[in-house]
Amino acid sequence: MKVEISRRRFLQGSVAMSIVGASAVSATNIFASEHDSKKHVVGIPDTITTKTSTGKAEEVPFLCAICVNKCAGFARVEDGIITKLDPNPYFPKSRNMLCARGNAGIQTLYDPDRLKYPLVRIGERGDGKYKRVSWEEAYNAILNGTDKFKGILQILDEEKDNRSTIGYCNGEGLSKEGFEVLMGEKIGTPNYVDEISICLETVLGGFFSTWGTYGEADLNNADYLVIAGANRAEAIITPDTLDLFKRSKGRGLKTIVLDPRFTNTAIKADRWLAVNPGTDLAFVLAMTYVVFKEELYNKEFAKKHMEGIEEYKQHILSHNYTPEWAEKLTNISAKNIYKTAREFMAARSPIYYQGRRSVFSNNDFQLRRAMAIFQGLSGNMDKKGGIIYGEKLPLPKEDINAPIYGQALSRFDGKGIAIPSQKTGSWIQFRNMILEGTTPYPVRAMFMRKHNPMAGVPNTKKTEAFLKKMDLNVMIDILPSDTTMFCDVILPEASYLERTSPVASYGALEPAIVLRKAAVKPLYETKVPEQIYKELAEKLSKPLWENTLKYDEDVQDDTEGMSKKELAEYYKENGYDLAEPWEKSVTEQNEEKIVSTYGEKAWEILNERGVYYPHIEEYHKQININESEYYPENKKKYTTQGDKLKVKCNLTNLTKKGVDAMPTWSDDMQFKVPEGQFRLVTGRHAQFTQSGTTNNLMLRDLVPTNYLWINSRIAEEKNIAFGDTVEVKSSVGEVTIKAYPTEKIAPNQIFMLHGFGGSSAEMEIAHGNGANDAIIIEDKIEPVYGAAVMHDTNVEVRKV
Amino acid sequence: MARYGMALDYKNCINCKACEVACKEENGVELGAEKHRIWVGGNNPEGQWPLLDIASAAFLPSQCQQCDEAPCEEVCPTHATYYDENGVVRVDADKCILCSYCMNACPYDARYVDDRTMTVDKCTFCSDTRLARGETTTACQNTCPTKVRTFGDLDDPNSEISELLRTREHFSLKSHLGTNPKLFYLT
């Protein structure tokens, strides 16, 4: 007896939300899948999970995109359907593994809620009324608008060809660069925002400005680790997570975890220090004090490589950053600070882990600087067991013929920010200035791809108002996200298992080049991003050029008296032909890049294994049933810097920008929560990435919703039990969420997983499930880059 | 003919659930919290914040223990549960009458009802998927980020699992019951 449960039926049977979802959608639901009924659809499996067969199958190398790590795998394809994703043993970065999300990528590919056809809005923004159109009609709607919204041509005409009236945003991924080329270099707007300013901008900035790199921690060979605020057991980073937990728990890598919460990483610690949110800087300064006071640092290394070390020593000692001082601020005992500092400097290969993560506090840039300098004091840099600079295998860069638009004005969101990023800006400041009407010119259109600011940028109310203020919103994505539902034209993209992507190179200790190949053809009417860029460029190119000719005096001067033929040549030669970067397919471009740099054989190996590096056939050896050696020990890039290595303690140039030249504590950095309130901390776990994975059936099966962690003693006082619905309210919004009383969090703090609580009714599983933290996180920015500060919001909690 | 077993370097486990998903996708296991062949056990830490007992919160990855003396096989009235030629405890879907004796008998809570086949199903060491294709690893082992599992032939003295069991201390779950599990936890 066999009872088949179709994907859609499963939803109806088991998800209470789906009823709400279904009724909210009109009878002509153009988002709904074609396979509502039990009938078989070619290219889509009949059941949610598909048992792999013993018959013939193709194994196609792919590169995972369910998070940012880019783990390599092989897709098992049986009769045009992917039945399983397996890890790729050849890639040194992901070391023959796929995590829960990587395995569940199949469910994103076959998600019944996927965007399937181009859509054009026919209702009001946010009401979910759309019309299915052809690609041609969708491109035309972007160019010329409809009776519901203006097209880009009219907007640019009204703005006299000021290209900067267009904003654009894009999430991380291998096709991101192409979108930047289209919008930034070819169409010519500087107004770009992406994930950097709502993620790790200060982390990168702090380490780069101090070490000249972010580096890679050699956790295979380190023997002492301080890991602060980076939850590697739950926010998986490859290869760090893979290496770290094979050696913690008394097996060679002594691990000290600092985190306000008792995380899965804390479970693996030798010591867990429950630091107050935002006070890590005081901890590092106090450890530095101990090291200087007791002269524990590597003086030879400091003399040779650490610029400004004497000033820094003087700075730390004169400020009296003692462990006793830090104890009151951090909630970490002076005894533990002394102990950790001394152990660190006595260890053979100690690492203060850089800790890739979002910006949590206002002082994050200075925290990163202090951490980087502290690591320098150990001298454990550019060598085995330390911070590795490594190498990257080069790939040829494409030359982009970028046109010049005389009418385009410069970006504006750097106002009041010390070192604003000219490329990726500040999401919060960009949005808020537009919303407040304080920009020097109007921004009237947003072109978006694979990005969901409704869930990612703090203060969702403002993001919604921002999207509503636009004359034109365009989205290229896979799923109908919360942000997608405020767009006028929606272009459905092929998922990462349906597309071949530009080759990528991943560097450091064991560098390699990786290739993502399409495992199956794009489903429905979806298209690969590079094809969308090309077709959109072709559609816009000539009409926008005409607009430039109409308003741009420089171009008018240049082209005065030109014949038709000469004008056509000018257009081509000066880069106004927008589609020119996509004349060749992605595969052709990949082949050219690899063959010209590494030869024919390399291209063959890359296609077969999905991974290439020089001598891979000779170097790669399976050392046991689970693990491989990628490079022989003497070929690993442990040491690449030599005398070039510099650790910059005193960045005097920063003072000109109003930033401390050396990490300094100030009183306003204290952790303070008013009586009766809580500090909100957010984070991730290993079964979800961001809002993009909350509609994944398999992952939802593992973690049905997000809960509010609240200290169990406080919960008892407030009569809150497990599963009770509570309201969490900040100055910018409120959400309801189910409670999880636990001792794993402090009495004055609460925690919720990021990425839940979707508002898009078209994502049946994500819709209304749990709470969206972005609704309640206050939109504050740190002063150095204008990056969003995620852990600086106090909230009230009450049972409802 | 082999005698398959598995060694688990369980201290590596971070409870990421990659193994659970790989198992479900490979073997076409149903969704649903109760429908699992493999899982990770864990406890809330003892103590009060911030003085929590780290050791009390360890993770214990688990699945069918593939007992040499399997209680589920003993109690099965229709011989639906049987040992295959490699010593793997398997289920014959045609013979299973859903009496659920096996579910009660299993001391490890490793059996569940598959609503589609109406069988009390369980971990098969991927015998009818990966092993049947000639592969030498199970899905859970292969995908694991921290490489908890080593699967192999206990009768082959040169296998990696045999070597691990010779050189590393290990224990079995509920060994006092005399079930002789072929899953070994490395310390």
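This report describes selected features of a predicted model containing chain A and chain B.

## Domains of chain A

Two domains are assigned in chain A: domain 1 covers 201-391 + 643-657, and domain 2 covers 673-799. Taken over C-alpha atoms, the centres of domain 1 of chain A and domain 2 of chain A are 28 Å apart. The two domains touch through 20 residues from domain 1 of chain A and 20 residues from domain 2 of chain A.

On the side of domain 1 of chain A that touches domain 2 of chain A, helix 8 (201-211) and helix 16 (364-378) of chain A each supply at least two residues. The largest share of that side, three residues, is given by helix 8 of chain A. By class, the residues of the side of domain 1 of chain A that touches domain 2 of chain A are nine nonpolar, seven polar and four charged.

## Strand 6 of chain A and its partners

Strand 6 (166-170) of chain A is largely enclosed by the rest of the structure, because five of its five residues are buried. In a regular strand the side chains alternate between the two faces of the sheet. Both faces of strand 6 of chain A are covered, with I166(A), Y168(A) and N170(A) buried on one side and G167(A) and C169(A) buried on the other.

Strand 6 of chain A runs parallel to strand 15 of chain A, and five bridges join them. Strand 6 of chain A is also parallel to strand 7 of chain A, to which three bridges join it. C169(A) takes part in both pairings: its bridge partner in strand 15 of chain A is M448(A), and its bridge partner in strand 7 of chain A is V193(A).

## Helix 7 of chain A

Helix 7 of chain A comprises twelve residues, 176-187; at 1.5 Å a residue these should span 16 Å, which agrees with the 15 Å between its end C-alpha atoms. The helix is followed by G188(A), whose phi is positive, near 95 degrees.

The buried residues of helix 7 of chain A are G178(A), F179(A), L182(A), M183(A), G184(A), K186(A) and I187(A). An α-helix has 3.6 residues a turn, so residues three or four places apart point the same way. The elements against which the buried residues of helix 7 of chain A pack are strand 6 (166-170), strand 7 (192-194), strand 15 (445-449) and helix 20 (529-551) of chain A.

## A three-stranded sheet in chain A

Chain A also holds an open sheet of three strands, in the order 18-19-20, with antiparallel pairing. Its edge strands, strand 18 (504-506) and strand 20 (611-612) of chain A, each pair on one side only. Strand 19 (residues 512-514) of chain A pairs with strand 20 of chain A over two bridges in the antiparallel sense. Within strand 20 of chain A, V611(A) stands opposite V514(A).

## Overall form of chain B

Chain B contains five helices and twelve strands. Its radius of gyration is 17 Å, close to the 16 Å that the globule rule gives for 187 residues, so chain B is as compact as a globular protein of that length. The C-alpha trace of chain B spans about 55 × 40 × 35 Å along its principal axes.

Of the 187 residues in chain B, 49% are buried. Among the contacts in chain B with a separation of 6 or more, 58% are between residues 24 or more positions apart.

## Contact between the chains

The contact between the chains takes 52 residues from chain A and 47 residues from chain B. On the side of chain A that touches chain B, at least two residues each come from strand 3 (81-87), helix 3 (100-103), helix 9 (240-244), helix 10 (264-267) and helix 26 (697-702) of chain A. Helix 26 of chain A gives the most, with four residues. The side of chain A that touches chain B has 28 nonpolar, 13 polar and eleven charged residues.

G152(B) lies in strand 10 (residues 149-153) of chain B. This glycine counts as buried because 24 C-beta neighbours lie inside 10 Å. Leaving aside neighbours within four places in sequence, the contacts of G152(B) are I625(A), S159(B), E160(B) and I161(B). The C-alpha atoms of G152(B) and T136(B), 16 residues apart along the chain, are separated by 7.6 Å.

How values were computed:
Residues are numbered from 1 along each chain as its sequence is written. Chains are lettered from A and ligands numbered from 1 in the order in which they are written. This is a predicted model: local features need pLDDT of at least 70, side-chain atom pairs count only at pLDDT 80 or more; totals for chains, interfaces and linings use all residues. Domain bounds come from an automatic or database domain assignment. Two residues are in contact if their C-beta atoms, placed from the backbone, lie within 7 Å. Ala, Val, Leu, Ile, Met, Phe, Trp, Tyr, Cys and Pro count as nonpolar, Asp, Glu, Lys and Arg as charged, and the others, Gly among them, as polar. A residue is buried if 20 or more other C-beta atoms lie within 10 Å of its own, exposed if 12 or fewer, and partly exposed in between; C-beta atoms are placed from the backbone. Two strands pair if DSSP finds at least two bridges between them. The radius of gyration is taken over C-alpha atoms; the globule rule is 2.2 Å times the number of residues to the power 0.38. The expected span of a helix is 1.5 Å times one less than its number of residues.
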